[in-house]
Amino acid sequence: MHQFEWGEAAIVGLESGALKLGTTIATHAARFWLRRRRVGFERGASLAALAQAELKGPLQQRKLENLVERIGQQVAEQLAPVLAQRFGGLPDNEAEAAIRAVVDVLEDVDLSDEALLAADADAEVLAKRIRAQCPRRAALLSEKAEQLHELALDQACRHLVQVIRYLPSFQPTALAEVLSRLTAQSEQLELLLSRIPTTTLYAPLGVDRDEAFQAEYLGKLAATLDRLELLGLPGDEQPTLALTVAYLSLSVSGTADGARIRRGGRVQPENWFDPLAKPVSEDAEGVPVESAIGAESRVLLRGDAGSGKTTLLNWLAVRAARGELGGELADWNDCVPFVVRLRTFAEGDLPNPEDFVSQCTPMIAEVMPEGWVHRLLKAGRAMLLIDGVDEVPATRRRLVKSWLRQLLLTFPETRIVVTARTAAADSRWLADEDFSAVTLEPLNPTNILDFVARWHRAAELSGAEVADDERRLRAQLERPHLRQLAASPLLCAMLCALNLSHRSELPRNRMDLYAKALAMLLHLRDAERGIPGLLGDTEKRVLLRDLAWRLTLANKVEFSTADALGHIARKLPGMPNVVIEPKPIFDHLLERSGVLREPVPGRVDFVHRTFLEYLAADEAIQQHHVDTLIAHAHLDTWWETVVMACGHATAKQASELLTGIMDRSENEPAKARHLRLLAAACLETVRDVAPEVSARVDTMVERKLVPPRGLSETASLASIGHRVLRYLPKSLDELSEAKAVATVRAAALTGTVDALPLLAGYARDPRSTVQMELGRAWHYFDPERFAEDVLANSPLNNGRLTITSRRLVPYAVLLPSLTSLTVRLDSHETIGDLACFTGVPALAELHVWVDPSRSHDLQVLGEHHSLTHLRIIGLDSTGDLSPIADLPDLGHVSLLGYMDDGLAGVGLLKKVRSVDLLSVLNDSGPTNALRVFGRATFMNLSGFTMESVAPIVRVAGLKGLAFFNNVLLDYDLSSLAALDLDILLIDGHMKYSGLSELEPKVEILRH
């Protein structure tokens, strides 16, 4: 017998077995039911005897037989697919033996009425009792048949309990009436049986509790994570602030040297014949992080310390839990989010799926249905938010990558976002697993002011009077050094808190900022409020420094509560002026310091890793651990600690530390670039150092690091900070094109006003690649000032400029060299009113998404007589498209989502040569468009209904034609032979006829 015939026979045998089992279940249920009415009957009385005693006439007895038969068939219909799914390949005789053994067990077993007929009867308990009474019934079966026997027995018990629950309690009414009612209501039993849990590999106990647990989990998760702590306020002064209310959307850029933001990995259909279409693999900049993540299913999110990575993951989890994600993330609402903090797994095994729930909702983890997370992962309905690759030791990151690989091999449909500091994972780190890498950008000036406003609105919830403080901070942020600090969300929050607390001059650098923030948290706020402290500020710092250093040495970011308390106890004997027991001190540090916290019961960490690194660096210098710092300088987890140690150090210590790092860079080639960058970065914080050491660092940077050789080196060079500007050349004249472009990028990435004079000099370089890079740099700066100081003196790209952000559009008027402007806005910048382009000079190309729910007035485009390319997506509600006839130089038109009747009154547009018509909103297809654009040589058609290609043939000059996606026509393309086509692109998933009449003259490509 062939294998497939054997499989079919086995399935038929299983269906037969399911019918036998269903009949047995129905018969037993009816027997127990009737015996409950006639308690005097023997337990072993047959169904026939019970029926004869109660039902005198043959018609009524026949009704009972029909009911039992119907119930048996309904049970069998539910059982058969469950059994066949896992045992369809089992030989017929083995399947029959397994089912027969279950039938025999049910015939022989002696069960109490209480166990079977109780209102809260438990099928699992029933199955255990049956196995206890008949322990050896499956012993002679094969291994596979025994598995079938166990599954069939479990399912039989569940169906038996459900059927008995369905049969009503007896009332003082005739049994004949009950039978009539049951016969008429058999659909109710079918519905009940369909809800019986199906036992599978991923659902060993069924799925009947999944829905209830999911609702409970999502509610608890959202409540836990929808809280934003205002850094700078102690725990007991924190307002109850919803993260989802205060959340500020950040921007990301794709990486220049690895995985990029992708949208399908190819030119989109509307771009097939557009020679100026931007390839989707091109680096993206200034893209809202939500859009970048929503466009992918696997994202590596990179960012510096305090850039907002963890906050973003929490926001994603809360919004997904409530089904409130929108835009490109809307599809993620169907996913259940799981947040995994890798710092919890700095040692030991990484979590298995069943451990995910306990990460954020430990109190309900034990009631999770068995296999629930696995089922979600298998179905592609899980969203994994993995936080903090940088928070595990470098030696364990290979293990993290392997864990992710195995996870995604097993559950490939899982949506996943992984975060890491930029130094811990380059853009290629997860490229082999098909991750796209994006990097969080610093806050731009507009973001900073928005952040400040949101922070102060939140602070009002704690009862603070903030109006004057906010105005004062906004004024101080005009100073370049403060705006540079505020580009980090973490440091911006610190500035807000210090401004609110001190009402005085703010720090000029981040070392002073951290120092003042710690002073405020450890002492000043309590002192201002008259709250007595158990320890002085100095003693608190000693203990916190010790804890931070111990964590750093152990490559950890958190302690168990017991370990932290033990470290404090061991430190106190060396502090003779402290006579308090360790436990009250520990509790005080948790409750009042604002630096330590207990994120989950039993675990202690620092409120932000930056404070951990600052205090660990201080301890290293206080204890003269310079050699230890040098020995660990090659590890990215020690980068910030080493940089801040230079800020704490004396001149002698700083000189020793920098010398040791540079010596290692010369002796260890594999680690040289990292060590050189670190030495240069240390100059940001160092206060005093030997002149010869400073000169050696300068020489090293100028000879080994700048100018960058290509874009791949600019991201790492940016780790030096704004001080990289002092090393960059004043002119690009002597540089190759690759070095010149990379130098512009390196200066732009600092994002500081100090870079503007340098970029203004670079703007005089006429090379097109340099000018294009300057255009991309625009969004890093205040748009008006960048236009005035940099681009106003630039020749641009022979007068041409491309703008990809709406906020830059108003400042195009400041560019005297502009002769041709291209505006390309993505879907995340949907335009509500095209009037925003009024007065924009030299507009040659316009590519925008407009609000499809509104009618748009295209008349406002009439002033742009030089417009050659027009792509508008979202004209679904716009009835009049005739104004495009007033654009005399229009050569390319792309309309996605438009009403063809809107072109009814428009005559032939003779200059339009390239046309995209996508998602036409009428039944007859693009009839008017094909007439209006009848001189086109290239057409791309997608998403509409046509009866034939005849209207297309009337566009006699076509050289290129594309059908894509869901074009509905008769698929006979033979009439296209009348055209003088050179190329035809067709959907590779569709079947067309008539192609033989086009070849070989026409090149036919399938996409």
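User: A crossing is left-handed if the near helix is turned anticlockwise from the far one by less than a right angle, and right-handed if clockwise. Is the crossing of H23 past H24 left-handed or right-handed?

Analyst: The model is predicted: local features need pLDDT of at least 70 and side-chain atom pairs pLDDT 80 or more, while totals for chains, interfaces and linings use all residues. Residues are numbered from 1 along each chain as its sequence is written, and side-chain values use heavy atoms, leaving out hydrogens and water. The crossing in which H23 passes H24 is right-handed.

User: Which residues of H24 make the contact with H23?

Analyst: Contact here means heavy atoms within 4.5 Å. From H23, the residues taking part are Thr561, Ala564, Leu565, Ile568 and Ala569. On the side of H24, the contact is made by Pro582, Lys583, Ile585, Phe586 and Leu589.

User: Which strands stand at the edges of the three-stranded sheet?

Analyst: This sheet is open, its pairing is antiparallel, and its strand order is S8-S10-S9. Strands count as paired if DSSP finds at least two bridges between them. Pairing on one side only marks the two edge strands, S8 (558-560) and S9 (596-597).

User: What is the bridge partner of Leu596 in S10?

Analyst: S10 covers residues 603-606 and runs antiparallel to S9. Two bridges join these strands. In S10, Leu596 has as its partner Phe606.

User: Which strands are the edge strands of the seven-stranded sheet?

Analyst: The seven strands form an open sheet with mixed pairing, in the order S2-S1-S7-S3-S6-S5-S4. An edge strand of this sheet pairs on one side only. The two edge strands are S2 (287-288) and S4 (336-341).

User: Why is S15 described as largely enclosed, and how many of its seven residues are buried?

Analyst: Buried means under 20% relative accessible area, exposed over 50%, and partly exposed in between (1.4 Å probe, protein chains only). S15 spans residues 892-898. It is largely enclosed by the rest of the structure because the buried residues among its seven number six.

User: Which residue of S16 is the bridge partner of His892?

Analyst: S15 is joined in parallel to S14 (residues 869-875) by six bridges, with His869 partnered by His892. S15 also pairs in the parallel sense with S16 (residues 914-920), over six bridges. In S16, the bridge partner of His892 is Ser914.

User: Is His456 buried or exposed?

Analyst: His456 belongs to helix H17, which covers residues 445-460. Setting aside neighbours within four places in sequence, His456 is in contact with Val466, Asp469, Glu470, Leu473, Cys496 and Asn499. Because its relative accessibility is 0%, His456 counts as buried.

User: What is the relative accessible area of Pro707?

Analyst: Pro707 lies in the loop between helix H30 (691-704) and helix H31 (714-717). Not counting residues up to four places away in sequence, Pro707 touches Leu735, Lys739 and Thr743. Pro707 is partly exposed, with a relative accessible area of 24%.

Notes:
Helices (H or I, at least four residues) and strands (E, at least two) are DSSP runs, numbered from the N terminus.
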